[in-house]
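Please look at the sequence and the structure below before reading on.

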Amino acid sequence: MTDGDGEEHRFGAGDIAFFPAGTTCTWRVTEHIRKVAVVRETIWRPLGFVLKISKKILRGEQWQLKGNDRHAGSMATDW
């Protein structure tokens, strides 16, 4: 792979590469390979929360708030 600065990088079996948004490069493939790409885009946090809850509702899952609620209602303390 040749990056935008003209620097060549070689990848082998099991290598992982990260390309930030806006990266441009040229690939020179000399033999048959398999590439897997993952594109992740962030979304507005409140919208992500609404989507997460709506998916759970559509699947019929029960949901609960995360936190340390194991001892809810218990007022025991070590003195």
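Which residues lie nearest the centre of the largest pocket? Phe11, Ala17, Phe19, Trp27 and Lys35 do, among the 30 residues that line the largest pocket. Its volume is about 1200 Å³. A pocket here is an open set of points on a 1 Å grid over the protein atoms alone, where a 1.4 Å probe fits, with protein on both sides within 12 Å along at least five of seven lines; lining residues have an atom within 4 Å of a point. The lining comprises 16 nonpolar, six polar and eight charged residues.

The model is predicted: local features need pLDDT of at least 70 and side-chain atom pairs count only at pLDDT 80 or more, while totals for chains, interfaces and linings use all residues. Residues are numbered from 1 along each chain as its sequence is written, and side-chain values use heavy atoms, with hydrogens and water left out.

**Fold and burial**

The chain has one helix and two strands, in the order β-β-α from the N terminus. Of the 79 residues in the chain, 4% are buried, that is, under 20% relative accessible area, whereas exposed means over 50% and partly exposed lies in between (1.4 Å probe, protein chains only).

Asp3 belongs to strand β1 (residues 2-3). Asp3 is buried yet has no salt bridge, and the nearest side chain of opposite charge, that of Arg28, is 13 Å away. A polar atom of the Asp3 side chain does, however, lie 2.9 Å from the backbone nitrogen of Glu7.

**Salt bridges**

The structure holds two salt bridges, each defined by a side-chain nitrogen of Lys or Arg within 4 Å of a carboxyl oxygen of Asp or Glu.

| Salt bridge | N to O distance |
|---|---|
| Arg10 and Glu8 | 3.2 Å |
| Arg28 and Glu8 | 3.5 Å |

Salt bridges that share partners join Glu8, Arg10 and Arg28 into one network.

How accessible are these partners? Arg10 is exposed, with a relative accessible area of 69%, and Arg28 is also exposed, at 56%. Glu8 is partly exposed, at 40%.

Methods:
Grid points are joined across faces, edges and corners, and a volume is the space filled by probe spheres set on the points. Ala, Val, Leu, Ile, Met, Phe, Trp, Tyr, Cys and Pro count as nonpolar, Asp, Glu, Lys and Arg as charged, and the others, Gly among them, as polar. Helices (H or I, at least four residues) and strands (E, at least two) are DSSP runs, numbered from the N terminus. Lys and Arg count as positive and Asp and Glu as negative; His and the chain ends are not counted. A polar contact is a pair of N or O atoms within 3.5 Å; within protein, one must be able to donate a hydrogen and the other to accept it, and residues adjacent in sequence count only if both atoms are side-chain atoms.
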